[in-house]
Amino acid sequence: MANLPSHVFATARRKFQAGIRRLRESLVGESLSGYAVMFADVLPAAFLKRIDPTRRNRHFGHLPMFWAWLAQILEGNASCSKAIGFIQSWCRTQGLPAPSSDTGSYCRARLRLSDAFFDQVARRVGETLARGERDGDRWHGLSLKAVDGTTVKLADTEANQKSFPQPSVQKPGCGFPVMGIAGLVNLSHGGWEAMTTGAFNEHDLTLAEGLLDHIHSGDLLLGDRAYCSYAFIAAVLERGGQVVMRLHQQREVALDWRKGRKISPHERLVTWRRPAYSALKGRLSREAWEALPVTLGIRLIRLKYEDRSGRLRPMTVVTTLTDPAVHDGVEIHSLYARRWEIELRLRDIKTTLGFEMMHVKTPVMARKTLAMIQIADNLMRVLMQRAAHEAGEPVGSISFKGALDLTTSIHESFRNCAGKPRKRAGQAHFLVKMMATRLVDHRPFRREPRTVKRRPKPYPLLNTPRYAFVEIPHRSRYRKVA
């Protein structure tokens, strides 16, 4: 071997490395994850590669991270360690070097995912949902949308406490930061249009102002009485939308049913005048407030409904659909019941996916996690929308939990379909066909009171920081310290 040129081995090594690089690029873009093949018609490899800002071949680039994080969310808010296991398994199966089991690199890589990448992916998935919307999914030609708010807990860190402070009644070190969320869901196709965040004690209207850009002509917005404000309704009308909301409690108290033009015994057409400007209560400047219309034509519909206890109670619904010849009042009043569907969408995220609490240490990661949750949920809604069309049922008739279980159990079989369009199409049709059988069971007379059946453990609340708390066990309980 003496006097043998060394560049021969260097050239062979470079060729080997180039082969590994080409294999990684191909697999990462097309078949690294079963979810990548499953959703290839929604998020094709060419599209993801075009918006991928990663310039180095790495285990934790944007695309591997995206699919690993998606799997982590769909698996019920799984740990970062499990997400690392996903990537190691994918790399091992494809003959690529597996990354380290250290979760630190994975968590830092999640933080590197750009907001622009999330926005483009979310827009692409939303466009897919919109294309699948049928005329029968709309209400009299209007796209139904609903708005509501909720809260989630975050990890107890200084950064989270600064942006999303815990309730003031809790002692320092004994609570968790609480992030407020306002969401806008499209009930005509089931997907989320947008989400905004803020402190838990911010009013729902304040958070919802960031959602108004997603209201367009031909939209009908459903909301509870927290959103029944003059300024908010005027903002929706300005964008070409219409509203159906429950009358705000303060207006309910001052309501005089004798005023206005009588349409029927349970309907009135009234004119609301713009209230006087208040710098203390208003969120708008004086100039913005005076730019609002002086009057609004409002239709009031008052009918009775059955509450949780089975008693009939009156409820007044407000709408800007003022023509009784086009839209029946009883039908509008019944339509308001569909506002509850956004509560179920929030339950899918917080309970089914396990995001009552986000185990993130910074507000930036909390917002990125929320963006990823929205994408993951909407990808599921794409499959559920197709399943509903297959079954000939409304979009909301497919069980989210049933669809999720089926998706997570079958996704690995899609990896065998990578690069085989006909085989993948057959597998995707099988998935949709099976999902079409996972319908929600309707139990109209079932009572579900807001009570807890499972008894908690007999442990007291943490009323001092952990480092200062003194445990005094006494017959499986704790005694108060004198």
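Visitor: How many aromatic pairs does the count come to?

Guide: Welcome! What you see is a predicted model, where local features need pLDDT of at least 70 and side-chain atom pairs count only at pLDDT 80 or more, while totals for chains, interfaces and linings use all residues. Residues are numbered from 1 along each chain as its sequence is written, and side-chain values use heavy atoms, with hydrogens and water left out. Rings of Phe, Tyr and Trp (its six-membered ring) pair if their centres lie within 6.5 Å; planes under 30 degrees apart are called stacked, over 60 edge-to-face, and the rest tilted. By this rule, the number of aromatic pairs is six.

Visitor: Which kind of aromatic pair do F117 and F118 form?

Guide: A pair of aromatic rings is described by the distance of the centres and the angle of the planes. For F117 and F118 the centres are 6.4 Å apart, and the planes make an angle of 65°. That makes the pair edge-to-face.

Visitor: Are F117 and F118 buried or exposed?

Guide: Buried means under 20% relative accessible area, exposed means over 50%, and partly exposed lies in between (1.4 Å probe, protein chains only). F117 has a relative accessibility of 1%, and F118 has a relative accessible area of 3%. So F117 and F118 are both buried.

Visitor: Which kind of pair do Y277 and W289 form, and where is W289?

Guide: Their ring centres lie 6.5 Å apart with 55° between the planes, so the pair is tilted. Helices (H or I, at least four residues) and strands (E, at least two) are DSSP runs, numbered from the N terminus. Y277 is in the loop between β7 (267-273) and α12 (286-290), 12 residues away from its partner. W289 itself is in helix α12.

Visitor: At what angle do helices α4 and α15 pack?

Guide: Axes are lines fitted to C-alpha atoms, for helices over the stretch in contact, and angles run from 0 to 180 degrees between N-to-C directions. Under 35 degrees is roughly parallel, over 145 roughly antiparallel, 65 to 115 roughly perpendicular, and the rest oblique. α4 and α15 are therefore roughly perpendicular. Their axes are 10 Å apart, and the angle is about 75°.

Visitor: How many nonpolar residues does the contact of α4 with α15 have?

Guide: Contact means heavy atoms within 4.5 Å, and residues including F66 and W69 in α4 meet residues of α15, M365 and L379 among them. Ala, Val, Leu, Ile, Met, Phe, Trp, Tyr, Cys and Pro count as nonpolar, Asp, Glu, Lys and Arg as charged, and the others, Gly among them, as polar. The contact of α4 with α15 has one polar and one charged residue, and its nonpolar count is 12.

Visitor: At what angle do α5 and α6 cross?

Guide: The axes of α5 (residues 80-93) and α6 (residues 103-112) come within 9 Å. The two helices are therefore roughly perpendicular to each other. Their crossing angle is roughly 90°.

Visitor: How many residues of helix α10 are buried?

Guide: Helix α10 spans residues 230-238 and is mostly covered. Among its buried residues are Y230, F232 and V236.
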